[in-house]
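Here are some quick notes to go with the model. Have it open while you read.

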Amino acid sequence: MGRRARGRRLQQQQQQQRPEGAEDGAEDGGKRSQAGWEGGYPEIVKENKLFEHYYQELKIVPEGEWDRFMDALREPLPATLRITGYKRYPEELAWHTNLSRKILRKSPQLERFHQFLVSETESGNISRQETVSMIPPLLLDVQPHHKILDMCAAPGSKTAQLIEMLHADMNVPFPEGFVIANDVDNKRCYLLVHQAKRLSSPCIMVVNHDASCIPRLTVDVDGRKEVLFYDRILCDVPCSGDGTLRKNIDVWKKWSTLNSLQLHGLQLRIVTRGAEQLAEGGRMVYSTCSLNPIEDEAVIASLLEKSEGALELADVSAELPGLKRMPGLMQWKVMTREGQWFADWDEVPRSRHTQIRPTMFPPKDPEKLQAMHLERCLRILPHHQNTGGFFVAVLVKKSPMPWNKRQPKVQGTPAAGREATALSPEAPMEGTPGDASELDGQAASGTGDAEVPQAAEHSENSDDKKDGVCGPPPSKKMKLFGFKEDPFVFIPEDDPLFPPIEKFYALGPSFPRMNLLTRTTEGKKRQLYMVSKELRNVLLNNSERMKVINTGIKVWCRNSSGEDFDCAFRLAQEGIYTLYPFINSRIITVSMEDVKILLTQENPFFRKLSVETYSQAKDMAKGSVVLKYEPDSTNPEALQCPVVLCGWRGKASIRTFVPKNERLHYLRMMGLEVLVEKRKEGAPLPTEGAAGPGSPEGGAEEQLAEEPQAKDTSGPGTTPGCEQVPAEPG
């Protein structure tokens, strides 16, 4: 019998068993029958006796709160969001609803709000991020000059927070700091790229490595090759995830202590590698979405013990006031998947030694345990603030790790410069830890630290470095996973491509032309990207040591008919806020009404725009332009923040090259409601009103001119990979 036939027979049997008079959807709005079925799938029973037994025995929940704890775990997790801001959180920039993500997606009454969330997320103005996930970046205390490593970064919501903190001063297009975001999963790296690109920062690099043996990098400091140490490291490790029961309900039936026992060793190797790469005086945050002390306190205690005083737990009780937290545990036991308990390593039979390790138990010495101050760790319980479960530990590096001789101190101020994050030539590093058995995986970290500068000097003398080419590492030196990435090629000083661009846009003398790169070594350069000088330094000195997935922001795109204009490259909206401070020509100041017209009509003729705008554009040569809106402080009803858009001055019209969701964002800010359906002929234009979150998602293709007009074909063509005409999404 075929699958369809079996399905029909089952349906007939169910109809025969249904009581007379019962109709489809009569119970619970048609969504759930009395049998507990929804959408054809059985509802998962949110119970796990072993889970309850384990955590009751460990006493992670205060006395008298267990029922509230379990009730909270059985409730759906409320949807939360964070507004992109270059300030410290929370300053009314993080919000939570009393609605689950499922209700937001499915409810017809909330359709417009959901579309608003999707649109603003895509344009980078909000991030839909769980509340507890926002905590680790906040406790890192990031400053714009910090060099940051995010060791297990995908999917990237915490990475986005770190990028925002680097750009705390919007008037500085190139902060001294940067974020290197790493993930071991090649496919998840591209999800990470998507998250990072929403923020259009030249200070982010995505790399693909096993975090437990992520290679040391070197940088050039006044002609010397020096090892790069990070001022801040985020170590949000893979975990069993039992703190996510509210959103990942499969954990209810799959949970066992075996997951934690299997992950403990990997978590310890990752955080140890992070500690090695942390600058003296730097801060590292270790976090998991697990409540299990085997993944939490046990990892921290083992790291502190092997560090021999080089690391200490920071007291962050005064940070994030208002956050309800539980102190870290001082004592815990280990339980097998069968429910057998062990309070000490000496109790573990030899047959269990491959599954249970000594590092999973608290230290025996009471004085040593007390000196660790494990109570400074944070455990977030779901019922305290209607969140998920989470664990955070903040570590500060007081001195080099015992198996290292010396290393540099963290930057105290931006003026400290790059020297503060690189190893001094008089202080070579030892690559041999004191106890290899305790540092399993350390040998897998590649060459010894003392060998790194020598290898860097060798790579610098290669022909590729002379050409400014930063390609993927050779397969003989590093096993590559996933796709082979295109190389990163910096534009040479004598490249004839740049002078026409410089002249056309009247770029100022401070423009960092050496930071321009492309992704091809042959043929025409179709897109130009820009990175900060610090990331340029990293790229040029480490191409054989790391696999770079993506870096930089797109600032120019080649027009398919570029030779017909004075400049073959047009501006890209993605990088316009970084590029704009250096542009001194091709700028048209527009009014708010002009912006509305430009964003709602595909090719408005000059006569549609204000007289002031026309007077600026009429004598301007055809080609790419900057459209700048400056707020009018005398008119409180007008939009009170500046807007910079990329446009094209055609023969008789001006058009914008702005991605769809970014258009919707600016229209909402100006109180212009965007229509969902395509406007029929003769229908009215979008009307002004309180758009806000109620505005549905739409696009420029849905906004038509108020009267038919001839198409101005004098604009640029499109190039694969470039932003399309306004009728297409970005």
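1. Start with Lys158: leaving aside neighbours within four places in sequence, its contacts (heavy atoms within 4.5 Å) are Gln129, Ser133, Pro136, Pro137, Asp150, Leu234, Asp236 and Phe390. Lys158 lies in helix H7, residues 157–166; helices here are DSSP runs of H or I with at least four residues, strands are E runs of at least two, and both are numbered from the N terminus.

2. A word on the source: this is a predicted model, where local features need pLDDT of at least 70 and side-chain atom pairs count only at pLDDT 80 or more, while totals for chains, interfaces and linings use all residues. Residues are numbered from 1 along each chain as its sequence is written, and side-chain values use heavy atoms, with hydrogens and water left out.

3. Is Lys158 buried or exposed? Lys158 is buried, at 12% relative accessible area (buried is under 20%, exposed over 50%, partly exposed in between, with a 1.4 Å probe and protein chains only).

4. Asp183 sits in the loop between strand S7 (178–182) and helix H8 (186–197). Asp183 is buried too, with a relative accessible area of 6%. Not counting residues up to four places away in sequence, Asp183 touches Met151, Cys152, Ala153, Ala154, Arg188, Cys189, Val207, Asn208 and His209.

5. The unreviewed UniProt entry carries a "binding site" annotation whose residues include Lys158, Asp183, Asp210 and Asp236. UniProt positions follow the numbering used here, feature names are shortened, and annotations may be inferred rather than shown by experiment.

6. Elsewhere, Phe51, Glu52, Tyr55 and Gln56 in H2 meet Trp66, Phe69, Met70, Leu73 and Arg74 in H3.
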